[in-house]
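Open the model in your viewer and keep the selection tool ready. We will go stop by stop.

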Amino acid sequence: NVTAPVTAKAVYKYDHEHTSNPADPDSVWELDESKTTQKATCTEDGMKYYVCKHCGEQTKEVVIPARDHKYGEYTVTLAPTCTTDGSKVCYCENAETEDYAKCDHSETMVIPKLGHAYGEWKTIVAPTCTEKGKAERVCANDPGHKEYMDVPALGHHDSDGDYICDDCSEAFGHCSKCICHKNNIFSKILRYICTLMTKIFHKPIKCCSDMDWYNGNISSIS
């Protein structure tokens, strides 16, 4: 008996394995060179296209999932001041890979304004008995920002009752050119009388025709 020759038929073990993962080493899939891979970004999915490397007909699409941003340190782009906000920015550091596009996304954050931080008041013009002085305070955040206020006049002080200010030696509460300005017993009596009259009539007494009256802190004179 003559046995008829057997015709060999190619049989692929992958015929029923098209569900395998393309990432597996023994996968039936290879990248489809006829299609361009859509790289994923940090915010959008991408897509890879595969074709069966045995039959060349079966295709497969694999989603490349978006990856999260990877931000670096913030860099100050605009320093805040006492009255205006500043800003700082950071950039995504995700680099380009086979499946992912380089990310150039940035995130900006507002830096709140500092506000003033004033120090202690310091006298820059000393007050006198009759003239106001001036004080200032400086902002620690910006020395160019200053505030000013008046320092009240000190007023005359007369501890010995001679109608001469202890601090500035100025005559006050009486005429500086008449006899009551002198430092003797008669002048003191006249000044005493002028003081009483001032308290009674609630206004300074003009004790000579010169009218050069020093209207000081008469109420403090005893």
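**First stop: an open sheet**

Three strands make an open sheet, ordered E4-E5-E6, with antiparallel pairing. Strands (E, at least two residues) and helices (H or I, at least four) are DSSP runs, numbered from the N terminus. Two strands pair if DSSP finds at least two bridges between them. The edges are strand E4 (75–78) and E6, each pairing on one side only. From one strand to the next, the twist averages 35°. Here axes are lines fitted to C-alpha atoms, and angles run from 0 to 180 degrees between N-to-C directions.

This is a predicted model: local features need pLDDT of at least 70, side-chain atom pairs count only at pLDDT 80 or more, and totals for chains, interfaces and linings use all residues. Residues are numbered from 1 along each chain as its sequence is written, and side-chain values use heavy atoms, leaving out hydrogens and water.

Now select strand E5 (residues 86–91) together with E6. They pair in the antiparallel sense over 6 bridges. Pick lysine 88: its bridge partner in E6 is methionine 109.

Next, threonine 108, in strand E6 (residues 106–111). Is threonine 108 buried or exposed? It counts as exposed, at 57% relative accessibility. (Buried means under 20% relative accessible area, exposed over 50%, partly exposed in between, with a 1.4 Å probe and protein chains only.) Leaving aside residues up to four places away in sequence, threonine 108 touches Ser87, Lys88 and Val89. Contact means heavy atoms within 4.5 Å. The C-alpha atoms of threonine 108 and serine 87 are 6.8 Å apart.

**Second stop: salt bridges**

Side chains of opposite charge can pair when their charged atoms come close. A salt bridge is a side-chain nitrogen of Lys or Arg within 4 Å of a carboxyl oxygen of Asp or Glu. By this rule there are 5 salt bridges.

Select glutamate 96 and lysine 39. Their closest N and O atoms are 2.9 Å apart. Glutamate 96 is in the loop between E5 and E6, lysine 39 in the loop between strand E1 (29–31) and strand E2 (46–52). Glutamate 96 is exposed, at 53%, while lysine 39 is partly exposed, at 34%.

Move to lysine 48 and aspartate 99. They meet in a salt bridge of 2.9 Å, N to O. Lysine 48 sits in strand E2 and aspartate 99 in the loop between E5 and E6, 51 residues apart. Lysine 48 is buried, at 10% relative accessible area. Aspartate 99 is partly exposed, at 22%.

Strand E7 (residues 122–125) and strand E8 (residues 133–138) pair in the antiparallel sense over 3 bridges. Find lysine 122, which stands opposite glutamate 136 in E8. E8 also pairs with strand E9 (residues 146–151), antiparallel, over 6 bridges. There, the bridge partner of glutamate 136 is tyrosine 148.

Stay in E9 for aspartate 150. It forms a salt bridge with lysine 132, with closest N and O atoms 3.3 Å apart. Lysine 132 is in the loop between E7 and E8, so the pair ties together parts 18 residues apart in sequence.

**Last stop: the helix and the whole chain**

Select isoleucine 193 in helix H1 (residues 185–201). Isoleucine 193 is partly exposed, at 44%. Then zoom out. The chain has 1 helix and 9 strands. Of its 222 residues, 26% count as buried.
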